[in-house]
Amino acid sequence: MNDGVPSLDEAAAEAVRLSVGPRPGAGPEKPRKDRRRIIIGAASVAVAVLVAGGVCAHRAYESHQASVARQACQSAVADQAKAVKAYKTLLGSDATVAALKTDAKSVKDAKTVDTLKRAAAVRLPAMVKCDASKAADLDAAAAKAARTSRTVKADAKLLKTAVKAVETSKLDKTVADANALYKATDGKVADDKTRQDLDKAVKARDAEAIAKAVKAVNDSKTAKEKADAEARAKAEQEAAAAQQAQQSQQRSYPSSGSGSNRSYSSGGWSAGSGGSGSTGGQSYSGSSSSGSSTPSNGSDDYDITQDPFFNQHTTNSSCASGGFCPIG
């Protein structure tokens, strides 16, 4: 070793030499005190070297352990970040957004909507940091990141399940309503093929096809209702026209033989308003003289004694006094 300090091997050899005594034929020995000093110094150097080597080795080991722990921690944090990103992506997806907008009345089971709202309201944990210097602290951080990652992954799974449940419940409600429409419109549509298409879509549980078929059935139902209303209105109009024509015909042809409103004309008399000019089965007509008279009224109070025809055919004087006299 440099600086005149004997190496470990030299110190050990000197110790052995002193323990066995001087070699034969060797020169005079150095004073025992010097030898003892050399041995102690060599031993001290050896111990110092061993201690220094041990400390360096320990520090190197700790540094290695911390490096391994830090790598493990960083890997766990990366997994956590991946899980959080996946959850956020799922939360912002079109399916989740649409499911969150679903009204409770649009699903068969309203509980699915409540479950989805709770799953979407989960608060994400903070990201773990690997900023410790000791392996133990880094190991603890890695364990925390791993637990957080598992929790976020479980929350994402629950969210995905909740979204699927809402979609299924919504489809169940759609299918049930469509099936009810199919049954309720039997015989109430203009084209029954629309109902058959609806039935096929219901059995296939195809939401898009159901929506299209439902519209077609409703349109066909409306068309039939309109046609039926127009037919009823036409029938009512025809019935009203027929009734009006019948009433008009009855007014144009009144019944005969009423015997009212008789009038006198050209020396004779005749019955008005459908009455006949006969009395007792005989008809009368007056002369053509212009001196004919007309009764004071055209009612049934006509006085036959004032009729010229009656007076012309009176041969008995008793007729003038109101007695019986035959006519003719």
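Rings of Phe, Tyr and Trp (its six-membered ring) pair if their centres lie within 6.5 Å; planes under 30 degrees apart count as stacked, over 60 as edge-to-face and the rest as tilted. The model is predicted: local features need pLDDT of at least 70, side-chain atom pairs count only at pLDDT 80 or more, and totals for chains, interfaces and linings use all residues. Residues are numbered from 1 along each chain as its sequence is written, and side-chain values use heavy atoms, with hydrogens and water left out.

**Exercise 1.** State how many aromatic pairs the structure holds, and find what sits over the ring of Y182.

Solution. The number of aromatic pairs is 0. Over the ring of Y182 sits the charged end of R195, 4.2 Å from the ring centre. The criterion is NZ of Lys or CZ of Arg within 6 Å of the ring centre and within 35 degrees of the ring normal.

**Exercise 2.** Describe the setting of S169.

Solution. S169 belongs to helix α5. Its relative accessible area is 4%, so S169 is buried (under 20%; exposed is over 50%, partly exposed in between; 1.4 Å probe, protein chains only). Leaving aside neighbours within four places in sequence, S169 is in contact (heavy atoms within 4.5 Å) with V107, K108, D109 and T112.

Technical notes: Helix = DSSP H or I, 4+ residues; strand = E, 2+ residues; numbered from the N terminus.
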